[in-house]
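Here is a quick tour of one model, taken piece by piece. Have the structure open as you read.

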Amino acid sequence: MNTLDWIGSIFLTNATTTIDISQVVIRIEITEDLFSPYPLGYILLQDLPSDNLIAKMGQDGLIGKGEELNLAFAAKIGEFFQELKGFHIYKVEPMAPDSPEQVKQKTNYKLYFSSQIFFINELIRINRYYEGKLSDIVKQIAEKQLQTKLETLEPTTKKQAIYFPSLTPIECINLCASKSVSKENTGDVNYVFYGDLNHKYHFVSLGKLMKSKPIIGTYDYDGISLQTPFGLSYLGTGNIDKGPTKYHAMRYQIKPFSPFKNMVQGMFSSSLLEYDVTKRKYKKNTYDYSEDFKKGRHLVDAPIVSSETDFISLSALNPDAFPSFTTTAHWVQDVNEIAQFSNNSTNSGREYILRRKSQMQQINQMGVELELPGNPIIAIGQVVYFGRAELDFSGQKSETWLRNPFMAGKFLITRKTTILENSTQNNSHGFSLKTVLSLRKDSDVGTQTIGSEEDV
C-alpha cells in the first residue's frame, strides 16, 4: 500500500563526499521516546560489487565516524513534510548474507545513527556545583554544554544546591529530572527530558503532557480506531480518506500489566527512611498513593486504587512493607538549616522519591502498541483518543454497551517509531511508510457506559 506522497533521494555524506544511496536502502527505522534524550535509528542497506558503495566513501570507507544521513519525504496522510537531517552514523554493522540462495558477493550494512547531541554528550564531563532552580540548571547545561535550546522548559519549584561528580550533560539533566517538582503543580514529580526528529528538546513533566488537549478526537469514536475505514481501498489506488477515518490502526498489541509487581515495587504505598549523618538520627516518611493522586494531573479522574476490596488495594494500609532509603546531612551548609527549608538536593528526597516512583510506574501500567499507515503528523508527548471497536457494536449508543477500560479512552503517546521500507513491487515511490505508536494511560477508570460524562 502506498503511504507516501513523495520521497526524495537518500544521501550519505562524510568529510570528503556525498553519495546517493537510495537504490541500495532496504529499510530505515527511527524511534523517538519520552524516556530517551535523543532519537535513535538505523538504516539497512545492501552493497553490491557493481555499486561499490563503500569504496565511494573514500579511503577509510564507511566506519561510523559521524557520516550524515539526509532524507526528506511527504506522507500520504495530511499535508506534512518531514526531513531527516542532522543525524550522524555512530556504528556500522556489516552482515554477510546467510541464505544459500543469496549471492555471496552481496554485503548488507546496518548503520546506526542519532542526533548531534548523542556525540557531544559523550565528549563532555561536568564536575561542578550548581545552585538555583533545577529547571534553570537544566537550561544552562542544555545551552552551554549540549549546544541546543529547549523547545519546552517547565519551571520547577524551589531553589536547589546540587553537585555533579564528573557526569555527562545528559546524566546531569536526568539527575535533575529525577529530583524535580513542578512549580505549576507540586503534585507532579515525573519530569522527562527528550528530543524529537526535528531536533527540538523538551524538559517537562508527564503531568503537564497528560493534561494537554487531545490532538485526535473528542471522544473514543472519532480518535484512533481499529475499524477499517470506509475510505481505504486496498484493491484500487490505496489512497486514504482525508477525513476523520484517516486515523486508524492496522494492528495492535496490548501491553501486559501486573498490579502485583507495582505493589511490590512500592507504587501504591511505601515509606522513606532518612538517615541524617550529622545528627545520627533516623526519620520516617510514609506515602499513600490514593491520597497523593489528588495532587497530580491525570488523563482521568479516578485512581487505579479506588477501594479496599482486594489484596492489591490493601497494600496501601502498610507502607512499611515497601521501604526506600536515603541519606541526608543537615547543617552541612548552615548550622540553622532544617529539613523543611533545606536547599540541599540530598536532603529533599521526601519531596520526590516516593511520589516519582509511583507516578513513573502508573504511566507504564496500561498501554497499547499500534501500527498505523505512515503518519508523521502525530508526535510523542501528545494526547490522543483511542477506541477498540467491540464485536457487537451496532452503531447505536446504549447504556448496556460498556467500554473496555484497557482499550478505550485518552492515552499519552510515549514512543513513536517511523519505518520506511523498500517496496518497489507495489509502490511507485519505492518505499512505504508506517508508524508504530506506544500509548500509555495512567489510570484505570473502570468499566463505564458510553453515555457517561467521562466519555466526552
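Start with helix H9, residues 349-362: it lies across E16, E17 and E18 and runs at about 150° to E16. Keep in mind that this is a predicted model.

The three strands under discussion form an open sheet in the order E17-E16-E18, and the pairing is mixed. Strand E17 (281-288) and strand E18 (323-328) are the edges, each pairing on one side only. From one strand to the next, the twist averages 20°.

Zooming in on one pair, strand E16 (residues 269-276) and E17 run antiparallel and are joined by eight bridges. If you want a landmark there, take leucine 272, whose bridge partner in E17 is asparagine 285.

## A buried strand and its partners

Now over to strand E19, residues 366-373. How many of its eight residues are buried? Eight of the eight are, so E19 is largely enclosed by the rest of the structure. The cut-off behind that word is a relative accessible area under 20%.

E19 pairs with strand E15 (residues 251-254) through four bridges, and the two run antiparallel. In that pairing, tyrosine 252 has leucine 370 of E19 as its bridge partner. E19 is also joined to strand E22 (residues 431-441), by eight bridges and again antiparallel. Here glycine 367 stands opposite arginine 440 in E22.

## Two helices side by side

Two packed helices are described by the angle between their axes and the distance between the axes. For helix H3 (residues 134-144) and helix H4 (residues 169-179), the axes come within 10 Å and cross at roughly 165°. Angles over 145 degrees count as roughly antiparallel, and H3 and H4 are therefore roughly antiparallel to each other. The crossing of H3 past H4 is left-handed.

Which residues make the contact? On the H3 side they are Leu134, Ile137, Val138 and Ile141, while H4 brings in Pro169, Cys172, Ile173, Cys176 and Lys179.

## An exposed loop residue

Last stop: aspartate 301, found in the loop between helix H7 (289-292) and helix H8 (311-314). Is aspartate 301 buried or exposed? Its relative accessible area is 74%, so aspartate 301 is exposed.

Note on methods. Residues numbered from 1 in each chain as written. Predicted model: local features only at pLDDT ≥ 70, side-chain atom pairs only at ≥ 80, totals over all residues. Heavy atoms only, no water. Axes fitted to C-alpha atoms, helices over the stretch in contact; angles between N-to-C directions. Parallel < 35°, antiparallel > 145°, perpendicular 65-115°, else oblique. Left-handed = near helix turned anticlockwise from the far one by under 90°. Contact = heavy atoms within 4.5 Å. Pairing = 2+ DSSP bridges. Buried < 20%, exposed > 50% of the residue type's maximum accessible area, 1.4 Å probe, protein only.
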